[in-house]
Amino acid sequence: MDLWDREREKNFFLDTLKSFASPEQLFYKLEDTYYAYIPKGFSAKGQVLQSRNSLIGHYTEKWCQKILAPIAHKLGLHAVQGVICEDIALTRQSPADVAFCTTPVAEQEAKNVKLIFEIKMSIVSNYRYDVQTRTISYYGDYTTHQGNPSLLRSDSMLKAIGKAINIRVSGDKASGIPLLVIGNSPITESYIEKVDFLKESGVIQGFWSLNPYPSESKSFLKRTPKKGFLTFENYEELEKACFSLLSTPFFYFSSMKTKKELGRIIAIASKESTDIERAEKFLALLRE
DNA sequence: AGAGCACCGCAAAACTGAAG
DNA sequence: CTTCAGTTTTGCGGTGCTCT
């Protein structure tokens with residue numbers, strides 16, 4: 001199975017054109033040429049293409065569900081789109097894009113949700129569309145056009161982090177559920193330390209790019225030192241990462257306590273006889 | 001270079017108000 | 001009081017582009 005590449009992007013355009021969309025809904029028309037993005041040096045003259053947004057959003061979420069489905073299956077789980085679970089802040093208006101669940105239905109109980117994915121993918125490279133031949137041709141990578149794709153946008157990162165925090169602060173029921181953000185671009189320099197800290201502190205278990213070659217000419221960021229951000233080279237790496245996340249149960253916790261309180265909690269918890277029991281006691285006391 | 005504002009299309013949820 | 005059609009609000013989606 002292939003990860004994200006230019007063929008997927010071309011297929012998005014061709015599939016969507018074939019089924020119902022007009023070229024005007026998917027491309028910018030500049031000097032009688034259809035472009036996926038505004039190339040640097042051109043101007044969209046204030047108008048922003050909006051009609052493509054939900055289409056590409058839906059397409060990438062569906063694509064992720066498909067590529068994750070066999071992995072979920074090997075774990076005895078299901079990759080479900082649009083998961084709703086009020087207990088962990090996944091409402092009808094703001095569901096999980098994709099989640100691994102024990103049953104294949106959208107409405108879930110918290111204990112049956114095992115892994116949550118937030119999808120933040122878009123068209124990465126630029127393309128031109130030929131109306132006569134109805135073909136798509138590659139025009140340039142993401143450095144050649146104006147808008148930034150996927151996780152290179154600061155507000156995409158903020159939206160993903162915000163959604164994750166919203167789940168983490170919804171209560172205890174989401175504490176054992178890993179949260180992943182999936183994109184198809186690198187991240188910016190300024191988020192390197194932040195994604196690593198988010199991983200170290202347990203808020204978000206990773207930002208994963210499923211696009212091995214977002215740019216062929218330029219070098220790009222493939223991973224961060226503590227692996228808060230990773231670019232997968234192939235399907236097997238993605239599979240391995242999912243497996244390892246679910247191999248050991250873990251628990252998210254956070255707190256703001258005085259040293260005295262913390263010391264008391266540790267002292268009491270340390271009287272338990274095993275590491276697991278000590279951890280359980282510690283977490284229980286933390287929440288008193 | 002990149003943070004973040006301003007957009008707009010769409011769909012579902014929430015609200016409003018008039019009719020029964 | 002309930003119903004229900006119509007209207008407003010909310011939130012997701014990804015984009016261009018200014019300003020620091």
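On a 1 Å grid over the protein atoms alone, a pocket is an open set of points with protein on both sides within 12 Å along at least five of seven lines, a cavity is a set of points where a 1.4 Å probe fits but cannot get out, and lining residues have an atom within 4 Å of a point. Grid points are joined across faces, edges and corners, and a volume is the space filled by probe spheres set on the points.

The structure is a predicted model, in which local features need pLDDT of at least 70 and side-chain atom pairs count only at pLDDT 80 or more, whereas totals for chains, interfaces and linings use all residues. Residues are numbered from 1 along each chain as its sequence is written, chains are lettered from A and ligands numbered from 1 in the order in which they are written, and side-chain values use heavy atoms, with hydrogens and water left out.

Chain A is divided into domain 1 (6-247) and domain 2 (255-288), with bounds that come from an automatic or database domain assignment. The centres of the two domains, taken over C-alpha atoms, are 38 Å apart. The second largest pocket, with a volume of about 410 Å³, draws at least three of its lining residues from each of these domains. Of the 19 residues that line this pocket, Gly176, Thr248, Pro249, Phe250 and Phe251 lie nearest its centre. Among helices (DSSP runs of H or I, at least four residues) and strands (runs of E, at least two), numbered from the N terminus, α8 (275-286) gives two or more residues to this lining, as do β5 and α6 (235-247), and α8 gives the most, with 4 residues. By class, the lining has 14 nonpolar, 2 polar and 3 charged residues, where Ala, Val, Leu, Ile, Met, Phe, Trp, Tyr, Cys and Pro count as nonpolar, Asp, Glu, Lys and Arg as charged, and the others, Gly among them, as polar.

The largest pocket has a volume of about 760 Å³, and its lining comprises 31 residues, of which Tyr37, Asn53, Ser122, Asn148 and Arg153 lie nearest the centre. Here α3 gives the most, with 6 residues, and the lining has 11 nonpolar, 13 polar and 7 charged residues.

With a residue counted as near a strand if one of its heavy atoms lies within 4 Å of it, 26 residues surround DNA strand C, the closest being Gln93, Ser94, Met121, Gly147 and Arg153. Sugar and phosphate account for 64% of the atoms of DNA strand C that come within 4 Å of the protein. The largest share of this surface, 4 residues, comes from α3.

Gln50 has a polar side-chain atom 2.9 Å from a base nitrogen of DNA strand C and a polar side-chain atom 2.8 Å from a base oxygen of DNA strand B. Base nitrogens of DNA strand B also lie 2.9 Å from a side-chain N or O atom of Ser154 and 2.5 Å from a polar side-chain atom of Asp155.

A search of the whole structure finds 1 cavity of 30 Å³ or more, and about 70 Å³ of space lies in the largest cavity. Its lining has 9 nonpolar, no polar and 3 charged residues, and the largest share, 4 residues, comes from α4.

Note on methods. Polar contact = N/O pair within 3.5 Å; in protein donor to acceptor, adjacent residues only side chain to side chain.
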